[in-house]
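Dear colleague,

Please find below the structure that I am handing over to you. My findings follow directly after it.

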Amino acid sequence: MSTLSGNKVLLVILAIIFPPLGVGLHTGLTSAFWISLVLTLLFYLPGLIYALWVIL
């Protein structure tokens, strides 16, 4: 497994635990992070789906 795919696996695991963390580490504090945070605060599942979409 290459380092790039290993990092992606780690980001997906972090996104499952706390979606904004995975998005924040992947994109930084951009609008994608804030959208993920709001979706996660409204309900966990939309935040998770959005985080996985951004990361993958």
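**Helix α4 and its two faces**

On the face of α4 turned away from its buried side sit the exposed residues I49 and W53. Here, buried means under 20% relative accessible area, exposed means over 50%, and partly exposed lies in between, with a 1.4 Å probe and protein chains only. The model is a predicted one, in which local features need pLDDT of at least 70 and side-chain atom pairs count only at pLDDT 80 or more, while totals for chains, interfaces and linings use all residues. Residues are numbered from 1 along each chain as its sequence is written, and side-chain values use heavy atoms, with hydrogens and water left out.

Helix α4 comprises 12 residues, 44-55, and reaches 16 Å from its first C-alpha to its last, close to the 16 Å expected at 1.5 Å a residue. That expected span is 1.5 Å times one less than the number of residues. Helices are DSSP runs (H or I, at least four residues), numbered from the N terminus. The buried residues of α4 are G47, L48, Y50, A51 and I55. They lie on the same side of α4 because they cover an arc of only 170 degrees around the axis, the arc being that of the directions from the helix axis to the C-beta atoms.

**Aromatic pairs**

The count comes to 2 aromatic pairs. The rings of F33 and W34 form an edge-to-face pair, since their centres are 4.9 Å apart and their planes stand at 75 degrees. Rings of Phe, Tyr and Trp (its six-membered ring) pair if their centres lie within 6.5 Å; planes under 30 degrees apart count as stacked, over 60 as edge-to-face and the rest as tilted. F33 is buried, at 14% relative accessible area, whereas W34 is partly exposed, at 45%.

Y50 and W53 make a tilted pair, with 5.9 Å from centre to centre and 50 degrees between the planes. These two residues are 3 residues apart in helix α4, so about one helical turn separates them. Y50 counts as buried at 17% relative accessibility, and W53 as exposed at 65%.

**A nonpolar surface patch**

V9, I13, I17, F18, L21 and L25 form a nonpolar patch on the surface, with about 560 Å² of accessible area together. Helices α1 (3-17) and α2 (19-27) each supply at least two of its residues, and the largest share, 3 residues, comes from α1. F18 is placed in the loop between α1 and α2; with 41% relative accessibility, F18 counts as partly exposed. Such patches are made of residues with over 30% relative accessible area and no salt bridge, where like charges are joined within 9 Å and nonpolar side chains (Val, Leu, Ile, Met, Phe, Trp, Tyr) within 5 Å. A salt bridge is a side-chain nitrogen of Lys or Arg within 4 Å of a carboxyl oxygen of Asp or Glu. Accessible areas come from the Shrake-Rupley method with a 1.4 Å probe, and for residues only the protein chains shown count as cover.

With kind regards
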